[in-house]
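Good morning, and thank you for coming. I would ask you to keep the structure in view while I speak.

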Amino acid sequence: MNKFISIEKAVSQVKEGMTVMVGGFLANGTPNAIVDALAQSGVKNLTLICNDTAYPDKGVGQLIANKQVKKLIVSHIGTNPCTSEQMNSGELDIEFVPQGTLAERIRSGGAGLGGFLTTTGMGTIVAEGKPVVCVEGKEYLLEKPLRADIALVGASVGDKSGNLIYKGTSQNFNPLMASAADLVIAEISELVEVGELAPEAVRTPAIFVDYIVEK
Amino acid sequence: MEKDQIKQVIAKRVAMELKDGDVVNLGIGIPTLVPNYLKKGVEVILQTENGMLGMGPAPEEGKENPELTNAGGGYITALAGASSFDSATSFGIIRGGHVDVSILGALQVDEKGDLANWMIPGKKTPGMGGAMDLLVGAKKVILAMEHTAKGNPKIMKKCTLPLTAAGQVDMIITEMGVIEVTPQGLVLKEIHPEFTVEQVKAATEAALIIADDLKPMAV
């Protein structure tokens, strides 16, 4: 099965109004070639799920700067002044999620779970409106799963079938997001033949990846 | 005290709380200075929330690896024996109680050990990042912070800013002294020789219990 597509084809999969997950942590691990092209495309009204909004001129921060995002589900926006400006002016709707809760909600979305229980956020505004569940005398918040129409992930090494490996700290949200979207596009920096990756080194199994863009 | 000296005093005292082999997570700002002051024979394992245990110092110029960064986006190195992982595993390590000490800064902290450090409504909302998980998950939470902000107390009777976590702070270390959060309230255990108890009380909105064996701050 040939999973290769051009960057243009990858970007054309992202349509107005869609919910999009983008991997990366302050743009490390972000599929930057696809995201740069997405910023050029001008597609609007996106719901963006990502850890942070990087920088105005780098990574998903460009999508914010270009006002392509109407709703943002995120843990940190402190590195991108455009995000707080649009939040304060009411142009951008932001749901702040603690980073561990964001990761686990996405993992739940990909793992077929109805959510999970955590003490993170208890006693804060994060807890407002959420069910509290008592387990063995301890109270937890019920946090719901997250899924997306499309996930864009960035891998350091990948084979032509879509098995992915992440170097350094570029892994972050990528393997989680690759499991939690209807369509998954992986941008691979170093492409190798099928069979060259040790099975136990693979972090994202190829079955999660629909399309590959070679960087 | 000059700003630089304040930071050094705090970082040096915080470093004394760390034991050999501790798994430690450092917040941004003063906490990042703490490893510079570790005693001989004390080696800690630094966790960075974006997905690594065994974080080493910043690389030499020209040796930066764009795929190897910390939670502030700065370049780092990986020490021998380091491991990297995804964000769910990283926060499993944090929430699961596998981090011994979390060292963070604060906008406000109060008598109950409630902490606010993620938003100032109407002014600044950077987001909580990993702070809410670190506070509830780490075995011990130490605040490394200046005692006041522009002369205004940060150690309050009750936090007025939105909380990051309720009742999770164990210890507050400032340039004025060392304060433990106890069920009875805030106990001043050590005081910096440059200050009097009256001065510390005046800079603190919360009630301070003065330890019977109040010691000079060990710096």
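This is a predicted model: local features need pLDDT of at least 70, side-chain atom pairs count only at pLDDT 80 or more; totals for chains, interfaces and linings use all residues.

B:Lys215 is partly exposed, with a relative accessible area of 43%. The partner of B:Lys215 in a salt bridge is B:Asp213, with the closest N and O atoms 3.3 Å apart. B:Asp213 also counts as partly exposed, at 44% relative accessibility. Elsewhere in chain B, salt bridges with shared partners join B:Arg13, B:Glu17, B:Lys140 and B:Glu190 into one network. Over all chains, the count of salt bridges comes to 16.

Let us turn to chain A. Here A:Glu91 forms a salt bridge with A:Lys67, and the closest N and O atoms are 2.8 Å apart. What does this pair tie together? A:Glu91 sits in the loop between H4 and strand E4 (93-96) of chain A, and A:Lys67 in the loop between helix H3 (61-65) and strand E3 (69-74) of chain A, so the pair ties together parts that are 24 residues apart in sequence. A:Glu91 is partly exposed, at a relative accessible area of 40%. A:Lys67 is partly exposed as well, at 42%.

A further salt bridge in chain A brings together the side chains of A:Lys71 and A:Glu95, at 3.6 Å from N to O. This pair links distant parts of the chain, with A:Lys71 in strand E3 of chain A and A:Glu95 in strand E4 of chain A, 24 residues apart. A:Lys71 has a relative accessible area of 26% and is partly exposed. A:Glu95, at 25% relative accessibility, likewise counts as partly exposed.

Is A:Gln86 buried or exposed? A:Gln86 has a relative accessible area of 5%, and because buried means under 20%, this residue is buried. A:Gln86 is placed in helix H4 (residues 81-88) of chain A. Leaving aside residues up to four places away in sequence, A:Gln86 touches A:Ile64, A:Ala65, A:Lys67, A:Glu91 and A:Leu92. A:Gln40, by contrast, counts as exposed at 70% relative accessibility. A:Gln40 belongs to helix H2 (residues 32-41) of chain A. The C-alpha atoms of A:Gln40 and A:Asn66 are separated by 8.9 Å, and the two residues are 26 apart along the chain.

I come next to the contact between the chains. In chain A, 37 residues are in contact with 34 residues of chain B. Between them the two chains bury about 2,600 Å², 58% of it on carbon and sulfur atoms. A:Phe25, A:Gln99 and A:Thr169 supply 20% of the area that chain A buries against chain B, more than any other three residues. How many salt bridges are there between chain A and chain B? The count is 0, while 16 residue pairs are in polar contact. Helix H5 (99-111) and helix H6 (174-178) of chain A each supply at least two residues of the side of chain A that touches chain B. H5(A) gives the most to this side, with 6 residues. The residues of this side divide into 15 nonpolar, 19 polar and 3 charged.

On the side of chain B, please look at helix H2 (residues 87-95), whose buried residues are B:Ser87, B:Ala88, B:Ser90, B:Phe91, B:Ile93 and B:Ile94. The buried residues of H2(B) pack against H5 and H6 of chain A, together with strand E2 (45-48), strand E3 (52-56) and helix H3 (131-137) of chain B. B:Asp86 caps the N-terminal end of H2(B), with a side-chain oxygen 2.8 Å from the backbone nitrogen of B:Ala88. After H2(B) comes B:Gly97, whose phi is positive, near 80 degrees.

I close with the strands of chain B. In strand E8 (residues 140-144), 4 of the 5 residues are buried, so E8(B) is largely enclosed by the rest of the structure. Strand E5 (residues 101-104) of chain B runs parallel to E8(B) and is joined to it by 4 bridges. E8(B) also pairs in the parallel sense with strand E12 (residues 171-173) of chain B, over 3 bridges.

Key
Residues are numbered from 1 along each chain as its sequence is written. Chains are lettered from A and ligands numbered from 1 in the order in which they are written. Side-chain values use heavy atoms; hydrogens and water are left out. Buried means under 20% relative accessible area, exposed over 50%, partly exposed in between (1.4 Å probe, protein chains only). Two strands pair if DSSP finds at least two bridges between them. Contact means heavy atoms within 4.5 Å. Buried area is the accessible area (1.4 Å probe) that two parts lose on being put together, summed over both. A salt bridge is a side-chain nitrogen of Lys or Arg within 4 Å of a carboxyl oxygen of Asp or Glu. A polar contact is a pair of N or O atoms within 3.5 Å; within protein, one must be able to donate a hydrogen and the other to accept it, and residues adjacent in sequence count only if both atoms are side-chain atoms. Ala, Val, Leu, Ile, Met, Phe, Trp, Tyr, Cys and Pro count as nonpolar, Asp, Glu, Lys and Arg as charged, and the others, Gly among them, as polar.
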